[in-house]
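Welcome! Here is a short tour of a protein for anyone meeting it for the first time. Take a look at the sequence and the model, then read on.

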Amino acid sequence: MGAVHPAARGLALALESDPAVDRVLGLSAHEPPLLGPKFEFVQASPGDERFAGALAEADTVVLFPLLEALDRDGGRQARFVAGMETALGAAPDAATVVLWSSGVVYGAHPDNPVPIAEDRPVRPNPGFAPAAALAEAERVVLGSAAGRAGRSATVLRAAAIWAPAWGTFLSRVLQAPVILGVRGYDPPVQALHPDDAVAALTLAAGGGPVDWVPARTVARTVGRRRVELPERAAFTAAEQLWGFGVAATRSGELPYHMHPWVLDAARLRQAGWTPAHTTATALRDAGSGMDEGVLVGRVRVRRGDVYRGAAAAVAAFAAVAVARRQGRRR
């Protein structure tokens, strides 16, 4: 389910060389790019007759959430979780269920350990709706194996993926004129290379790379500029800067740029997985994979033409915040 997801495409291609796999069915409302000869596309959504028919004889079901980080529609998030429940109900004979999730479910909090062990409780930040939806989807998937003999359920919580082709909220940050930071915060940052993500998915175990870098290093590594604002001003200005296309970080995402959410890969390593790329390599590949220029709103322009305007806009918002604070003092 979710055949157009980049991770689904990578998994389908990896399974082409597995002699134990006869067929790979991809279910989605939209047709993905043409894959290998084992791949069969079924254009269907949860609740459709073809959807239930395709899953009825499945041995393994892998669920890929298609969530938009900018979407704050609670009803849409609820329909996403309901779709997961429908998919599981349509595959009664599936012995293996895998959910592609994310480390964002742990939340970004000042007291997070570095790295976060997988047995830590999930604490999604309230202002980031996709994290809450994923946490609920995890509960549904893990619950589907409870009391059902012969079924195993696995949740793969991927570390941060910055590659533009994956369309994550972090990859969107790289395409903006500047990377918005909060003054006084420089948390450790992971970057999981897409190839390593697919390798982990193929093993049906989750995690991230075994290293991390300071947040201030990210902008320099990917060839972007980082602009820091005081904490209060950053939360106030984030939505306005996003609206003007200057920065791509909304207020609900800011905690993920302030506090650590670095994942532990111990279980992956025990299963024989070793990442082929470091965090720095993954970030450099993400930076080189971007088109020339940056996105300002929906328009792509040259970097040199926008940096001065971007810096001026950020400075203006900071000045407004300072002026308001001085006004309150008076």
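How do the residues of the lining of the largest cavity divide into nonpolar, polar and charged? There are 14 nonpolar, three polar and one charged. In this count, Ala, Val, Leu, Ile, Met, Phe, Trp, Tyr, Cys and Pro are nonpolar, Asp, Glu, Lys and Arg are charged, and the others, Gly among them, are polar.

## Before we start

This is a predicted model, in which local features need pLDDT of at least 70 and side-chain atom pairs count only at pLDDT 80 or more, while totals for chains, interfaces and linings use all residues. Residues are numbered from 1 along each chain as its sequence is written, and side-chain values use heavy atoms, with hydrogens and water left out.

## The protein as a whole

The protein has 330 residues, and 50% of them are buried. Here buried means under 20% relative accessible area, exposed means over 50%, and partly exposed is in between, using a 1.4 Å probe and protein chains only. The protein contains 11 helices and 11 strands; these are DSSP runs numbered from the N terminus, with at least four residues of H or I for a helix and at least two of E for a strand.

Among contacts with a separation of 6 or more, 73% join residues 24 or more positions apart. A contact means heavy atoms within 4.5 Å.

## The largest cavity

Rolling a probe the size of a water molecule over the atoms shows where empty space is left. The search uses a 1 Å grid over the protein atoms alone: a cavity is a set of points where a 1.4 Å probe fits but cannot get out, a pocket is an open set with protein on both sides within 12 Å along at least five of seven lines, and lining residues have an atom within 4 Å of a point. Grid points are joined across faces, edges and corners, and a volume is the space filled by probe spheres set on the points.

Three cavities of 30 Å³ or more turn up in the whole structure. The largest cavity holds about 190 Å³ of space. Its lining has 18 residues, with Trp 162, Leu 170, Val 189, Tyr 256 and His 257 nearest the centre. Helix H5 (169–174), strand E7 (188–189) and helix H7 (215–222) each give two or more residues to this lining, and H7 has the largest share, with three residues.

## A closer look at H7

The buried residues of H7 are Ala 215, Thr 217, Val 218, Ala 219 and Val 222. Their cover includes H5, E7, strand E6 (178–182), strand E8 (213–214), strand E9 (225–229) and helix H10 (279–288). Just after H7, Gly 223 takes a positive phi of about 80 degrees.

Thr 221 is also found in H7, but it counts as partly exposed because its relative accessible area is 23%. Leaving aside residues up to four places away in sequence, Thr 221 touches Ala 280, Leu 283 and Arg 284. The side chain of Thr 221 also reaches the backbone oxygen of Thr 217 at 2.8 Å, a polar contact (a pair of N or O atoms within 3.5 Å; within protein, one must be able to donate a hydrogen and the other to accept it, and residues adjacent in sequence count only if both atoms are side-chain atoms).

## Two buried loop residues

Is Gln 190 buried or exposed? Gln 190 is buried, because its relative accessible area is 4%. This residue sits in the loop between E7 and H6, and the side chain of Gln 190 reaches the backbone nitrogen of Leu 263 at 2.8 Å.

Thr 249 lies in the loop between helix H8 (231–243) and helix H9 (266–270). Thr 249 is buried too, with a relative accessible area of 1%. Beyond residues up to four places away in sequence, Thr 249 touches Val 173, Leu 180, Ala 238, Leu 254 and His 257.

## The second largest pocket

The second largest pocket has a volume of about 890 Å³. It is lined by 33 residues, and Arg 23, Val 24, Leu 25, Thr 60 and Val 61 are the closest to its centre. Helix H1 (6–15) gives the most to this lining, with five residues.
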